[in-house]
Every structure is written in structure tokens, then in C-alpha cells.
Amino acid sequence: MAVAQHANKIQTKVAEKSPGINLAYFIAGVVVLVFFHFLPAPAGMKPEAIRTLGVMITTVFWWLTETLPIPVTALMVPVMLHVTGILSLDKSIGQSFGDSFVPFLIGVLALSVAFTKSGLGKRITYLLLALSGTKVSRVIGIYFLVSFVISMFVTDVAVVAMMLPIVIGLLQSVDAKPGESNLGRGLMMAIMFGSTLGGICTPSGVASNVITMSFLNKAKIGVTFLDWTAIATPIFAVVSLISWWLILRLFPPEIKELPYGKEVIKKELKDMGPWSTEEITTLAVFLIAVVLWLTGTWNKLPIALVSLLILGLLAMPGIGVFKKWSDVEKHLEWGALMLVVGGFALGLAASQSGLAQWVAEHALKPMAKLPLALQPFAVTLLVAVDSLGFSSFTAAASVNVPFIIAYAQQNGLPVLALAMAAGFASSTHFILVTESPSFVLPYAYGYFSFKDLFKIGVILTLVSAIAIALGLIVAGMPAGVPLH
């Protein structure tokens, strides 16, 4: 928690703008809304669609400029949709807050809180690091692996927040200077990329996956937790190996061996003492959730039901992590939840107003001429590029996925494959620090610069696009796992 607060203070100080500038941005957004409300729609476009475009431009503009806090802007989406006559407040709120993926995300976020609060995340990290030895390249790899694995079931921002104190402690122990040490750059990027890439592997790992699955569900196309994991994990395991190699290649550590051995890690574990009841409960609930999610095809339990079960088990009297509601309330990432809800409303408006279909038919039509095998690559690259300005993977998915689903449906292309490509790409743009809170947290400590991330991020974004395209072809486009 202290790590997040420290980073937030630095981020706020860096990004601080005068109230006058933010007020000007706010007024500019309102002007855009009014302009598009009265703008005549092009041929073939409904009036509601052109007004939806105005809402979308205003929302994205406010997100990019942080005119309002990002979650507040997300909650303004249903308001703008109602005021402009696109969707009534009852309908947009009912279908966004009422989406079954909202309770799913609540359970996932609660599990992240339990990992931190119980100390289980720290203990697991130290147990795995005890295996790394003192060779620096291997240490960076272990940090990457730990972040990757935990982030498959715990949100990426929570994993970064858990890993940062351990990384900072190691760097301080070897006197690694911020802005000078390649070891510092390497370790920070390891936890940053590891948590992001691991998060994409499961529906529970990153909120943009929740957005993508919800839009697929609304399009009457189902994908199970296990299917998603089976398709995504090989792709991002390969990207992770390449990322690790790139970190070592572009930022070779100034030392080859740590000046101390495993005894430091063992001391940390000893200082933690024996496993607590809260740690055991959290681990048990985590394993139960993973098993139920992965076996959803057979047990027929909705993933949202499993998430609500997580919340109940974590609050069990006597053995639960959450003794009172404030234990959850104070630490849950409510902003992430509100952003998802706003994203649902934005995507719903794009679909129901006809905007998504119009964009797919006109703006994206030339892309349909590409061979089927190139479609995932084209979609991935398109989404990765147009997502550069977003400060959230969730926002990127909210804007892009509905358009790509409409594009695939109109052109007879595999909807699931291209929607997953868009969802994956929403979380694989690594060029700017501002693209995700999980980038901002490590950046706040000064061990790497915007230029450092750009240097490796451009390569990694392109590598991800190629890996996603090839992975989806191998997984089932056009053969194999039926990505219909």
C-alpha cells in the first residue's frame, strides 16, 4: 500500500495541471458533444451513431487529458448517453452495472487484496526467489516468472505493487542508483512486463480481458475460462521469453552476480514466521477458484458465481482474511471497476446505435481485402497503434473490441479470433509509461526513463503483434481450436 501511495504522489506531482487547463479541457469536451449532437449524419449512418461518436471522442479526450479522474469520466458515459438521447440511463446502467462480468471482476479484485493483506503474495515471491541463486540474469528471469504466474489470477497492478518492495529492497542492498543502474532497469521491467503478459493469459488477469469476454458474450459467442487460457498462455509465454532476452540485451546488468547468496532470502522468510491462518485460507480459496474456473466446461458454474464464492470464503468467520467490510472497501480497486462499467456502456452504445457497424463497413472495409491468415496481425497492429494514447488497457479494449467484432461479423471473418486479437492487443502496447498504472508504479521510482521504455517497447509491441497473429492461426484459425 505504501508503494502505491508513493507512486501516486509522484505521478500526481508530475502530471499536475492547473484547474484552469482542466476546465478548458472539460468545456472542449462539452463543445464536442454539442457539435456532434447537431452534426448531420453521413449517408447510411443513424443520427444516434453520429452522437455516439461524439460521446466516444469526448470520453477518450477526457481520458487522455485526465480532465476528470479516469474512473469519473467512465461514470460520465451513461450520463452523456442519456443526455444526448442515445440510451436511457436505466438501460445503460442496467446493462453495464448489471453485466455478469462485474461481480466476476469484484471477486478477482478481492482476491488481489487478500494476497496483499494476508502476506501470501510476499511469501510465495520469497519462496520462488529462494530458487534463483545469485546469477543476475537468472534473478531477473525469476522476478519475471513470478510476476507472470501470479498475475494470471491476480490483477497486474496488484502484482506490481506486491513485487515492488522486494525489488526496491534488493536494489538498495546492492547500491543500485536510480537512472544509472541497468540492474534497476531490468528488474523493474521484469515485474512490469511479467505482470502485464501473465495477466493477458486468463480472463481474471487484466480488466481488458473482462471487457473482451463481455462483448463476445453480448455477440452470442462463448469462450470458456479454459479456452481463453489455453489459447493465450503459449502466445504470451513466448513473448515473455523474448522480453526477458530483450531486457538483458538492451540493458545488460552492470554486475553478473549478486554480492550475497540465498541466505538473505532465507532470512526474510524466517522473519515472516510460520504460515498464518489468513495465508492458508487465501491459498486454499485461490486454488479452489482456479480449479473451478478452469473446469467450468464440466462443472457448469458461471465464472461470476465462482468470483462471488471467493468473496464469501475470504470473509468466513474465524479463518477469513476479511474480518469486516472496511478490509475490502479500503483496498479494492474501485476505480478499475468503474472503468470497466463505463467501458461496457461505451461499447453498448457503439453497438446499439449502429456506429460500430458503420465504422466496420466504411473505415475498416479496406482491411477485409487482406488474406485470412493476415487478419489477426492487421487487427493487432491497428489496435496497438490506436491504443497508444490510452492510460488504461481497459479503456483501449472498450473502444476497440466492439468495432472489431462488428468488422468480423460483416465480413464473414472468425469473430472470436479477431476479438481476442483486439483484446490481447489492448494490453500489449508498451511504448509509453502512461499507458497503464502498472507501468507508472515502477516508473515512479526513477530506475528507468520514458526513453528506456520506448527503446524496448516499440520492439516488444511489434513482437507481440506477430506472436498474437501466429498464435491465433496455430490455435484455430482456420483449423484446430474452433475460433468461429
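Mentor: Phe439 is buried, at 0% relative accessibility, where buried means under 20% relative accessible area, exposed over 50%, and partly exposed in between (1.4 Å probe, protein chains only). This is a predicted model, in which local features need pLDDT of at least 70, side-chain atom pairs count only at pLDDT 80 or more, and totals for chains, interfaces and linings use all residues. Residues are numbered from 1 along each chain as its sequence is written, and side-chain values use heavy atoms, leaving out hydrogens and water.

Trainee: What kind of aromatic pair do Phe430 and Phe439 form?

Mentor: Rings of Phe, Tyr and Trp (its six-membered ring) pair if their centres lie within 6.5 Å; planes under 30 degrees apart count as stacked, over 60 as edge-to-face and the rest as tilted. Phe430 and Phe439 form a tilted pair, 6.0 Å centre to centre with 35 degrees between the planes. Phe430 is likewise buried, at 0% relative accessibility.

Trainee: How many aromatic pairs are there by this rule?

Mentor: The count comes to 14 aromatic pairs. Among them, Phe35 and Phe36 are edge-to-face, at 5.5 Å between centres and 85 degrees between planes. Phe35 is partly exposed at 49% relative accessibility, whereas Phe36 is buried at 12%.

Trainee: Which residues form one aromatic cluster?

Mentor: Phe115, Phe153, Phe225, Phe286 and Trp293 do.
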